[in-house]
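Open the model in your viewer and switch to a cartoon view.

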Amino acid sequence: MHFSLLLFACALCGSTLALNNGLMRTPPMGWLAWERFRCDIDCQNDPKNCISENLFMDMADRLSEDGWRELGYVYVNIDDCWSSMERDENGRLQPDPKRFPGGIRKLARYMHDRGLKLGIYGDMGTHTCGGYPGTTLDKIEIDAQTIADWEVDMFKFDGCYSNATEQEQGMEVLGELGSCFRSLFDCKCILALAGYPLMSKALNATGRPIGYSCSWPAYRGGLPPKVNYTQLGEICNLWRNYDDIQDSWDSVLNIIDWFFDNQDALQPAAGPGRWNDPDMLIIGDFGLSLDQSRSQMALWSIMAAPLFMSNDLRTISSGARSILQNKIAIGINQDAMGMPGRRILKEKSGIEVFWRPLSNNASALVFFSRRTDMPYRYTSSLRQLNFTTGSYKIIDVFTGKMASLKDSTDFVVSVNPTGVVMWYVSAPARTNLNHLRRGQEAHRVAEENFIPYVFL
């Protein structure tokens with residue numbers, strides 16, 4: 001076993017590690033089963049909601065028939081609990097025969113016939129998080145080829161049941177490989193270094209373009225120095241940085257806080273073909289109000305985050321649908337420049353301001369309220385937010401209202417508790433990129449005792 005690990009590591013050293021698949025130049029969009037449907041495998045008593053080919057076909061029908069596909073929601077992603085508990089006689093993964101009787105290739109073609117793409121889930125440990133067969137080091141090549149043979153378009157590689165000691169000893173892949181060879185048979189180090197990049201290499205070798213989602217950072221604390229995002233961007237198209245989202249506002253807020261509290265480390269890591277993933281959109285489930293749903297949509301768009309809904313598209317409300325299908329918010333999320341935004345202000349009033357630069361000298365602003373009592377009238381000006389001198393066209397993303405606003409003109413926005421006001425700002429001049437410099441966020445107290453010239 002030690003010798004085979006060494007051979008794998010040697011192959012890693014001698015091969016190109018860059019993912020180089022040309023995929024996901026903007027954040028991927030689609031639907032993902034996990035948060036809403038979890039590991040429900042009881043198809044006898046819950047046939048409409050269990051993890052089965054029927055569920056994924058239903059969601060594909062909704063994406064292709066209800067206007068989602070045209071907006072960019074094209075991935076239909078299977079998460080855990082899809083496989084049989086045993087590999088087949090050739091050592092290959094296989095789907096549960098009762099719940100996926102047609103097989104994964106047939107399901108992939110069902111997606112492709114509707115202009116959609118299929119994603120599937122695996123795990124670099126001995127088992128998946130749900131206890132199904134994992135992809136140990138010796139199975140990486142055969143599992144990558146199996147996925148390609150099934151005509152799958154995206155692969156998520158989780159990290160449950162991988163040895164914690166191995167992860168602690170090794171996940172800074174390229175820079176530390178040499179240290180493994182100081183002790184020639186340090187299999188723990190080699191295994192930890194090899195898993196995620198070797199899968200990237202194996203997916204490339206299949207010749208099929210397959211988007212690659214890594215859970216590596218989430219198992220390493222999500223931050224440098226334990227996570228080297230420069231190297232990660234050469235291996236994965238997107239990566240989970242932090243905890244799984246739950247169907248609650250507390251969970252969404254916790255994720256928002258972690259990402260923006262650590263924006264100096266995370267924001268430079270993302271760009272075309274390589275994205276931070278704060279996890280699924282839970283809009284349309286049970287835990288968020290409509291204001292909170294708009295907040296998640298707005299801030300995921302500011303982060304340039306993947307937009308993977310996890311909800312029931314067969315029964316989604318019109319209010320949730322309108323938020324998820326908001327063309328301006330999606331346009332901001334999908335901006336071709338691919339530069340994530342930042343939090344630029346934290347006010348004592350509980351209002352926070354976020355800014356993202358966009359193509360054509362445009363930008364996006366989000367005014368977010370952490371308050372829980374009542375709507376708050378927030379006063380500022382574009383000049384105070386470091387916009388250059390000029391006149392700007394403002395579009396309110398969620399109301400569609402438009403206005404022209406000079407940089408020097410004071411404005412007021414009324415922000416609902418736990419809600420947002422989001423603007424698309426079309427600018428005649430380039431905005432000040434000082435927002436993207438590292439350093440402390442500005443703190444100031446808004447002046448409230450004057451009459452603004454503009455109310456939006």
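Predicted model: local features only at pLDDT ≥ 70, side-chain atom pairs only at ≥ 80, totals over all residues.

Residues are numbered from 1 along each chain as its sequence is written, and side-chain values use heavy atoms, with hydrogens and water left out.

**Stop 1: the sheet**

Helices (H or I, at least four residues) and strands (E, at least two) are DSSP runs, numbered from the N terminus. Two strands pair if DSSP finds at least two bridges between them. Find the open sheet of eight strands, which has parallel pairing and the order 7-6-5-4-3-2-1-8. Its edge strands, each pairing on one side only, are strand 7 (275-277) and strand 8 (307-309). From one strand to the next, the twist averages 25°; angles run from 0 to 180 degrees between N-to-C directions, and axes are lines fitted to C-alpha atoms, for helices over the stretch in contact.

Now select 75-77 and 117-123. These are strand 2 and strand 3, a parallel pair with three bridges. Asn77 stands opposite Gly119 in strand 3. Helix 3 packs on this sheet and touches strand 1 (29-32), strand 2 and strand 8. Contact means heavy atoms within 4.5 Å.

**Stop 2: helix 3 and helix 4**

Select 53-65 and 103-113. The axes of helix 3 and helix 4 come within 10 Å and cross at roughly 10°. That makes helix 3 roughly parallel to helix 4 (angles under 35 degrees count as roughly parallel, over 145 as roughly antiparallel, 65 to 115 as roughly perpendicular and the rest as oblique). Show side chains for the contact residues, among them Phe56 and Met57 of helix 3 and Leu107 and Tyr110 of helix 4.

**Stop 3: helix 10 and helix 12**

Select 249-261 and 290-302. Helix 10 and helix 12 pack at an angle of about 25°, and their axes are 11 Å apart. Helix 10 is therefore roughly parallel to helix 12. Residues that meet here include Trp249 and Phe260 in helix 10, and Leu299 and Trp300 in helix 12.

**Stop 4: the hairpin**

Select 391-396 and 402-406. Strand 13 and strand 14 run antiparallel, joined by five bridges. Which residue of strand 14 is the bridge partner of Tyr392? The partner is Leu405. Five residues lie between the two strands of this hairpin, and Gly400 in the turn has a positive phi of about 80°.

Strand 13 pairs with strand 16 in the antiparallel sense over four bridges, and Lys393 stands opposite Ser426.
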